[in-house]
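Try each task before you read its solution.

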Amino acid sequence: MVYDISQGCRTPAFAGVLNGIEGFEKMKKADYSERLAPAGLILLGLMGPELPLIPPTLATLAPGYPPRSGAWPRSVVRTDVPDFVTRANDGWLDLSRKGGLFGDDREFLVAVEIREDDWWWAHVKLAESWDIMGAGSASALGSGFGVPEFAMLSLAGDVIVCGTAGESMIGSVLLNGFRDLTDLRELADWKASWPGTPQRERMAARRWLESIGR
């Protein structure tokens, strides 16, 4: 099942997009484009390493830190429903649009593995035909068809959407206002200080903390 949405254009919040962060071009940029294509994501480049974005590994942990309201907005579908992938795609689109992951330009960021255990943000655009929860999760965005395991970020860096999968349900969770979470900031500080954290992630965590005044 694929989905169509209307076209539009908007200036990205971040202009610092690189087509080749250290080693990226050598690690087969074409392969990244090919892997993202089944999801309907058009690769535009990789975000510059100097940008103060929350590290992808930290973004994937953020849903575990609830807001003061008690719960992040979610879209969840049971996998015993025949059209569960279709419904999960619909839920992702509705959550992402209303929550501010992207606007009319359909552009946002998605986490990609630069090298083993080293992740960063790729700038992508949602094509007119797409399938995040099905074909996308079977390629770059999960561990199988209907098993989403992705992290996405708005161009402004203030909205996270993560794919979730359990024994009987799949869906999406949206986070905004996560910069104000004390526990998440403390985790970022620990990651920035711990020698075992990959260097790129340590530096990214520190830049992100500095950008939010922590």
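**Exercise 1.** Leaving aside its neighbours within four places in sequence, which residues is Phe84 in contact with?

*Solution.* Some ground rules come before the steps. This is a predicted model, in which local features need pLDDT of at least 70 and side-chain atom pairs count only at pLDDT 80 or more, while totals for chains, interfaces and linings use all residues. Residues are numbered from 1 along each chain as its sequence is written, and side-chain values use heavy atoms, with hydrogens and water left out.

- Step 1: Start from the element; Phe84 is found in helix 3. Helices are DSSP runs of H or I with at least four residues, strands are runs of E with at least two, and both are numbered from the N terminus.
- Step 2: Apply the contact criterion, heavy atoms within 4.5 Å. With neighbours up to four places away set aside, Phe84 is in contact with Val77, Arg78, Thr79, Gly146 and Ile170.
- Step 3: Check burial, using under 20% relative accessible area for buried, over 50% for exposed and partly exposed in between (1.4 Å probe, protein chains only). Phe84 has 18%, so it is buried.

**Exercise 2.** Is Ile132 buried or exposed, and which residues does Ile132 touch, not counting those up to four places away in sequence?

*Solution.* 

- Step 1: Ile132 belongs to helix 4, which covers residues 132-136.
- Step 2: Its relative accessibility is 0%, so Ile132 counts as buried.
- Step 3: Beyond the excluded neighbours, Ile132 touches Ala39, Leu41, Asn89, Trp92, Leu126, Ser137, Leu141, Phe150 and Met152.
- Step 4: Take Leu41 from that list; Ile132 and Leu41 are 91 residues apart in sequence, yet 8.5 Å apart in space, C-alpha to C-alpha.

**Exercise 3.** In which strand is Gly163 found, and what does Gly163 touch, not counting residues up to four places away in sequence?

*Solution.* 

- Step 1: Gly163 sits in strand 9, residues 159-165.
- Step 2: With a relative accessibility of 13%, Gly163 counts as buried.
- Step 3: Once residues up to four places away are excluded, Gly163 touches Pro148, Glu149, Phe150 and Gly171.

**Exercise 4.** At what angle do helix 5 and helix 6 pack, and which residues make the contact?

*Solution.* 

- Step 1: Helix 5 (residues 182-193) and helix 6 (residues 199-211) then pack at about 140 degrees, with their axes 8 Å apart.
- Step 2: Classify the angle: under 35 degrees is roughly parallel, over 145 roughly antiparallel, 65 to 115 roughly perpendicular and the rest oblique. The two helices are therefore oblique to each other.
- Step 3: List the contact residues. Helix 5 provides Leu184, Arg185, Ala188, Asp189, Lys191, Ala192 and Ser193, and helix 6 provides Glu201, Arg202, Ala205, Arg206, Trp208 and Leu209.
- Step 4: Focus on Ser193, which is partly exposed because its relative accessibility is 48%. The C-alpha atoms of Ser193 and Arg206 are separated by 8.6 Å, at 13 residues apart along the chain.

**Exercise 5.** Where does Arg106 lie, and what is its phi near?

*Solution.* 

- Step 1: Arg106 lies in the loop between helix 3 (84-99) and strand 4 (107-115).
- Step 2: Phi of Arg106 is near 65 degrees, a positive value in a residue other than glycine.
- Step 3: For context, most residues other than glycine have a negative phi.
- Step 4: Arg106 counts as buried, at 5% relative accessibility.

Key. Axes are lines fitted to C-alpha atoms, for helices over the stretch in contact, and angles run from 0 to 180 degrees between N-to-C directions.
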